[in-house]
Amino acid sequence: MDKIIEQTDIDRVDGIQKVTGTAKYSAEYDFPGMVYGVLATSNITKGIINAIDTKAAENAPGVLAVITHLNCPELPGYKSTPEQDKLVPTKKGYKVFADNIIRFNGQPIAIVVADTFERATHAASLIKANYTKEKHNTDFDEAIKSGTPLEGNNFKEYVRGEANAWINAPVKIEAEYTMPIEVHLPMEIHGITVVWDGEDKVTLYEKTQSLSGTQRNIVRTFGLKEENVRIITQFIGGAFGSAFNTWPHSMAALIAGRKVGKPIKLMLTRNQMFNLVGYRPEAKQKLGLGASADGKLMGITHEAIAMTASYNEFTEGIVNGSRSLYECPNVNTTYKVFPLDLSQPTWMRGPGETTGAFALESAMDELAYALKMDPIEFRLKNYAETDLERKKPYSSKYLKECYELGAEKINWKERNPEPRSMKEGDWLIGYGTGSGIFSAWRGAAKAVAKLLPDGTMILQSGVTDMGPGTATAMTNLAAETMGLSHTKISFEMGDTNLPPGPMQGGSGTTSTLGTAVFAACENMKKKLAAMIKDNAVFHTEIVHEVKVEDLVFENGYMMLKTDKTKKISYAEVIKSAGLSELEISEDSKGNPMLNHSAFSYAVHFVKVKVHSKTGVIKIDRAVSAVDAGKIINNKTAESQIIGAVVGGIGMSLMEEGVIDHRYGRWVNNNFADYHVAVNADVPNIEVLFVDKPDPVLNPIGAKGMGEVGIVGFAAAVTNAIFHATGKRIREIPVTADKLI
Amino acid sequence: MINFEYIRASSVKAAVDALAKNPTGGFIAGGTNLIDLMKRGVTVPTRLIDINNLPLKEIEESKTGISIGALAINSEVAENELIKNNFPLLSMAFAAGASPQLRNMATVGGNMMQRTRCTYFYDTTMPCNKRQPGTGCGALNGYNRMHAIFGTSEKCIAVHPSDMCVALAALNATVEVSGIKGERKILFTDFHRLPGETPDKDNTLQKGEIITGVTIPFNSFNKNYYLKIRDRASYAFALISVAVALEIKDGIIKKASLAMGGVAHKPWRLTDAEKYLIGRPVDPGHFQKAAYLAMKGAKGYGQNNFKLKMVPIAINEALTKAIA
Amino acid sequence: MDKNLKKEGRRDFLKKSTALAALTIATPAIIKAGENDERIAALFEKIPLNLEVNGVVHSLSVEPRVTLLDLLREQLHLTGTKKGCDYGQCGACTVHVDGKRINSCLTLAVMNEGKKITTIEGLADGDNLHPMQNAFIKQDGFQCGYCTPGQIMSGIACINEGHANSREEVQEYMSGNICRCGAYPNIVDAVMQVKKEGSNHD
């Protein structure tokens, strides 16, 4: 398998567009008569809009329309069925301008449309609403104390073997870990450009990780025909999970654009990025771990509590990793979610697992210390050879190799395990490790490959790319599979007019789309071989008919394996057949993985320096060893892990969403107060790939890597801080004040 | 943002006159804070007087010190040889502030005039006595991690966010201002004020006055250090910063000037600590005592309680680094 | 008078007003705009602006409240300069004004009268990319590409300012540009590469 896909790391195929500023993001299209939409938002947290004064805004210069719940058109998707009426509020969702109910602070109450951005912005500030306030709660601690958790199938307790078995183990620890709200904050502010063609046909330039999902949502909400809703997403300026949903602002722009009958552009503000496009929910987790004196795990109990919005049941697999990362006969997990009067959370890089791994991997470190065992040795002692949760073998698992590669790179054996024992001048030195696990999977998608008479190839699929380099990886894959220079391949994507591609995310894009692209290329080769089977070029005394097995495909030529001088170019085949193109369409059917469990793995090693007096923390080195199956393009793959680690640095040391619960309002919703890592925070990050193909998941051998690169990283940092200082910090982010 | 009248002034007098004609107007120089505030509706001037063309950009040496024009750009001052050689503390403070881009825009006068970064001040739906007197202080019982521990009042616990100003306070600078009634000088340490009952007033500038420059007297400080502790390695406001300028001769501290940022409504001079240090030998024990003395009157408000512990550590560390 | 002001002499409205109060008034009509309701006359809302962007001279009429960033993106359709926060907190909008890097979201367009602006679109010479652009591709100094124009403008300035003497210095002087994809180490590699290869090209 791995012979087919040789490694060559091509540069990003969209690199030139990105470095010259010609790459177009969703709010960067221009159409004649373009108008601007700006949202006005609520300044109460819960209640009812009694009245809304839009006069000043309507009379402001350049204003074309103001839309509120009072004049929002009846949309097919806004009508609720009697069944929907019976649902609990967390299942009902929230539709922009559908009613006068305020569910969270900063909720859109109006969209103002004007001929310039400045005029729309100013007019939106003139909207005044009169509310009846209701008592709100945005405080997670308060909800845990006096609220009621959600009920349903998502919250079933999991028990394997005996529950709470850790309590009876000879060596045990119990600890609680907390982490705050984290926000995706991609650099591109969510934006949308909407161009209606009449009332029933629309083209959207939308920031979305799922073209088909967005199309479906709009078809449903506006009652349009699928073929009349076209979504174009050429570039996404990062998302990390924030661009799966079709958010209220996009619906607002659609509603407004149809009303004014002009192309409309709407870009949120950075402040609005904190409460209108999701976030990673706050969580509290209690871990009980017990082991035999020689370090064999006897019980894991993982209890997680998280939060969601009052109108949206968001759940994620926070406790899942604890069920399958280690070999342990007795595991029980619980997961509770409390609704709050906040906007809804959503998936964020490594959803669930990242939160869970912070707790599990911190607890594993604590237990290793209690056992006086090396943390890596302890993990190896409890290495899971099969998935005990699903009772299945793994499709592939090279976690052991990750431990070994990473430990060697960071020189783990030179680490003195004694906390506060290593120093460099005024700085305390600490080494820590944390492991990550994330599901690998393969979904359904279609790819089309077209070979043209000039010998070039076009690949097509309706996927989007938020930054990992999907087009680059697919070009790389097709080049190697087809035996064609990558410069002769172009990948067309980001348009619902193309064959339906997979979503971008969940660490499944390469696995899914790669399967379809690979199949298309393989079929293309068969087709080409069939077309030349009688060609005299290949004939020898023994061979009168060539089969695909007899050929090698290199540099745009089919060559006889036994005699490479006998060859014919793809271009010639297409030309002499008189074809304008040779088109192959292939599906990835998805892989239900009935007989295996599939995961990607990462092991992070971190060296921290903590200033012995001021408590200032620096990440001095980070080494991440990753089993993501076969690596398609080393360059972009390495960048993805580096990026995930940078996210992990932010998560562990500085990122914290803060809400003033008295007002239910965000107080650090900007880049000056909500800190993400800057260049000076980030050391050289060393990435190591095991780079062995998964033989089961898909024919290309790739698993996934976007998520797993951040899973377990925060624990590696806090474990390193413990090693450096002797202080166990169970609440991230760890800021200097927690260490003095 | 409302649209506004925009005027370019080409002399100090013209600028002052233009403002006098429209008291709801304001001067704009670098714009790095003012435009931010205007976008959020915190400041709503109806007339902006662009003063960037005023001849106030020079850095000049006199017999007694160096004067810096109010419109000198932060990055240029930081890299200026006269400044680097005579006031390394100031260059260090500049380098610790904002980002290279912002330092290329911000002026010395504008840096002094920047408003607090308190979140309640910025969010016009929240209470804030500084933005809207009488509405209360949101930070007092709220999000106050970044807030003041010295010189606070129940009306306001905001801090002045500048790094440059901390160094200028330590360097005994003087501010030159010009107004309708003429010119006057203000000691830098008297320029910014404590909130008291009127936190809406950041400084002692009179209505209609414009900063024309800052003069720093030559000094004999031979040990300087600017320590900034923040929530990330760069491009963040200070949790705490300490400016240290010492003259040490034969192991004895002859002169000491210490100021802090991130702890008060103004750059906070540590006069008790200075008095203690002067005349004493360089010794860790004395540094500790000085740091302890500096804490007189400190008060935490919850989330910023850590500063009560971190401030003496930071003073001690800055002194240690200065003599290293 | 500094040199910027001298350049302004070309403009009609300036000639009218300089002598009287040494006050350069945008247009006589503008005076009234602030005193009356903004709505009364569109005429009062805009003032003339001359600036040079990527070598092209523009004579425009803009509202004073329009930032340089919004002017570039929405009026000149130079969308290579990005809006990442609009508050000077991210660096995505970094452009060069008279050769110096600044945040274009925190300067009013009208404050840049007579100035030379260089944006990401002005770096390449036809198909020949600027060395910094090439280095970003080679070092994979980006993922989503949204902060990239700002990073590149900053990277060039970082070298021109003489602040690319070590990795640590580059890290500090590139910290005004946030990259949420986390391409920082590769960005430092790119700046160091260009510094090493030597480039005076701006």
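How many residues of domain 1 of chain C are in contact with how many residues of domain 2 of chain C? The views below take up this question and others about a predicted model, in which local features need pLDDT of at least 70 and side-chain atom pairs count only at pLDDT 80 or more, while totals for chains, interfaces and linings use all residues. Residues are numbered from 1 along each chain as its sequence is written, and chains are lettered from A and ligands numbered from 1 in the order in which they are written.

**View 1. The two domains of chain C.** Chain C is divided into domain 1 (3–122) and domain 2 (131–197), with bounds that come from an automatic or database domain assignment. Here 13 residues of domain 1 of chain C are in contact with 11 residues of domain 2 of chain C, where contact requires that the C-beta atoms of two residues, placed from the backbone, lie within 7 Å. On the domain 1 side, strand S4 (residues 94–97) of chain C gives the largest share, 3 residues; strands (E, at least two residues) and helices (H or I, at least four) are DSSP runs, numbered from the N terminus.

**View 2. Chain C against chain B.** This contact takes 39 residues from chain C and 34 residues from chain B. On the chain C side, at least two residues each are supplied by several elements, among them helix H1 (3–7) and strand S5 (100–103) of chain C.

**View 3. Domains 1 and 2 of chain A.** The C-alpha centres of domain 1 of chain A and domain 2 of chain A lie 37 Å apart. Their contact takes 16 residues from domain 1 of chain A and 20 residues from domain 2 of chain A.
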